[in-house]
Amino acid sequence: MTGHSAARLLPWAGLEGKPCFLHSDGTGYLSRVADNVENVQLGMAGELLDHVAELLADQKATSAQLRFVLARMGEALTDVKRIADSRGARLPAPDIDPDVIDGQDDEIGSTPIAGAAG
């Protein structure tokens with residue numbers, strides 16, 4: 001985000017669950033804190049996925065255990081979606097020539113998909 005100021009969706013919610021935004025060039029202290037929080041959240045989501053795989057492979061897992069892990073999955077997915085939304089919003093708009101897109105769409109549409117029944 002260097003070089004311009006834009007609103008960044010932060011990886012935590014504000015009061016009453018409302019989104020928090022930071023107006024910054026992306027180089028300040030709060031931006032670094034947000035980067036660190038995102039990294040922690042993504043790491044925890046990855047660890048949770050490993051735990052879910054183990055739990056699902058365990059035939060003795062109880063419904064209470066499955067409900068608990070599903071609740072944590074919902075929380076992790078909320079965090080990951082917020083991170084994706086934030087990062088996506090900070091991407092520069094693509095410089096696309098509409099004439100090139102139209103030509104590519106025709107070619108893609110006429111290409112048969114491997115293995116598709118026809």
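**Exercise 1. Which residues line the largest pocket?**

First, the ground rules. This is a predicted model, where local features need pLDDT of at least 70 and side-chain atom pairs count only at pLDDT 80 or more, while totals for chains, interfaces and linings use all residues. Residues are numbered from 1 along each chain as its sequence is written, and side-chain values use heavy atoms, leaving out hydrogens and water.

Step 1: On a 1 Å grid over the protein atoms alone, a pocket is an open set of points where a 1.4 Å probe fits, with protein on both sides within 12 Å along at least five of seven lines; lining residues have an atom within 4 Å of a point.

Step 2: read off the lining, which is Gln 41, Met 44, Ala 45, Glu 47, Leu 48, Arg 72, Glu 75, Ala 76 and Asp 79.

Step 3: sort by helix (a DSSP run of H or I, at least four residues). α1 (29-57) and α2 (63-89) each supply at least two lining residues, with α1 giving the most, five.

**Exercise 2. Describe how α1 and α2 pack.**

Step 1: take the axes, lines fitted to C-alpha atoms over the stretch in contact, with angles from 0 to 180 degrees between N-to-C directions. The two axes come within 9 Å and cross at roughly 145 degrees.

Step 2: check who touches whom, contact being heavy atoms within 4.5 Å. Among the residues involved are Leu 42, Leu 49 and Val 52 of α1, plus Val 69, Met 73 and Ile 83 of α2.

Step 3: classify them. The α1–α2 contact divides into 13 nonpolar, five polar and four charged residues.

Terms used:
Nonpolar A, V, L, I, M, F, W, Y, C, P; charged D, E, K, R; others polar.
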